[in-house]
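This report covers side-chain packing in a single model. The sequence and structure come before the details.

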Amino acid sequence: MRAIRVIALREIKLGFRNPWSYSFMVLFALFSLALLAIQSQQGTVDYSGTTGAMINLILYLLPLMTLLLGSFSITAEKEEGGWQLLSTYPLSSSSYLMGKFTGMTYVLLIIVFIGFGLSGLISSLVTHSYTWKSFMLFLMFSVLLVILFLGVAMFIGTLCKNRWQALTYSVAIWFFFVLGWPTLLIAVLGLVPYTLIKPLLLLLEFLNPAEISRLFLVIKLGGGSVLGPEYYKWVNWMYQPEGTVTFLFVCIVWIAVMFSAAVFMLERGRRHV
């Protein structure tokens, strides 16, 4: 625990010295305020076109920001020789990654809280554009995206040798999960028999952390009707407590799998240091 704490504190210091962190913070806060101004013209509603734009903003920006900052935190130490030095100490790979994960989670959540804090404060004092329920759901959605994709970022960092590789892998994975997923989904579902489309669709949704988080937020905001009649039973199920529990369980499994894969890759590379 002491090693995890030391690494996490060091990661927090490095994270707030990184100019990329402040660039993402300003960008996120700026667009949050811009969408808040648009939402104020439509009145207080849980799900609207502007709400959908806010979901897309979070979905485009936060995973990319998390993948880049998280993977760079590990590959930077590989390039600068810090990891080679740490690997000579009796420090387990799991403790090292847990410290990194904890520190980066703190830094990224501060960025999210500042961005949402500004828009939430202005909304509560001036515009009243968001209900308390909507604001908390947006915040939970953002926190989940950060934690889920930070697990992926840890894996990318252990897999890559330098920041250029991490940049390439991060952008590719972000494009696959966020932008390319609908096209790939349609292409895959078009190749299977009709009777298998619905069960395969539901299975594939759980394999994409960005998509399942987006659907969960849309349903909780009351916009489940936009998903179409085929999703009617699933929408009703997600409204129930067991739907929320299942969603959180899937998130925990995803994080555990990515973290375990990162530990495996780091241990594998450590034997060759």
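In which helix is Leu144 found? Leu144 is in helix α6, where helices are DSSP runs of H or I of at least four residues, strands are runs of E of at least two, and both are numbered from the N terminus. The model is predicted, so local features need pLDDT of at least 70 and side-chain atom pairs count only at pLDDT 80 or more, while totals for chains, interfaces and linings use all residues. Residues are numbered from 1 along each chain as its sequence is written, and side-chain values use heavy atoms, with hydrogens and water left out.

Neighbours within four places in sequence aside, Leu144 contacts Phe247 and Cys251, contact being heavy atoms within 4.5 Å.

Thr158 is buried at 6% relative accessible area. Its side chain reaches the backbone oxygen of Phe155 at 2.8 Å. Not counting residues up to four places away in sequence, Thr158 touches Ile74, Lys78, Leu97, Ala262, Met265 and Leu266.

**Nonpolar cores**

A nonpolar core is a set of buried Ala, Val, Leu, Ile, Met, Phe, Trp, Tyr and Cys residues joined through side-chain atoms within 4.5 Å. The largest has 64 residues, of which Ile58, Tyr96, Leu97, Phe116 and Phe138 touch the most other members. Helix α6 gives the most to this core, with 16 residues. A second, separate core has five residues, including Trp181, Leu185, Leu189 and Leu201.

**Aromatic pairs**

Rings of Phe, Tyr and Trp (its six-membered ring) pair if their centres lie within 6.5 Å; planes under 30 degrees apart count as stacked, over 60 as edge-to-face and the rest as tilted. The count comes to seven aromatic pairs. Two edge-to-face pairs are tabulated below.

| Pair | Centre distance | Plane angle |
|---|---|---|
| Phe16 and Tyr106 | 6.4 Å | 90° |
| Phe101 and Phe259 | 6.4 Å | 85° |

Phe16 in helix α1 and Tyr106 in helix α5 are 90 residues apart. Phe16 is partly exposed at 26% relative accessibility, and Tyr106 is partly exposed at 45%. Phe101 is buried at 13%, as is Phe259 at 16%.

Note on methods
Buried means under 20% relative accessible area, exposed over 50%, partly exposed in between (1.4 Å probe, protein chains only). A polar contact is a pair of N or O atoms within 3.5 Å; within protein, one must be able to donate a hydrogen and the other to accept it, and residues adjacent in sequence count only if both atoms are side-chain atoms.
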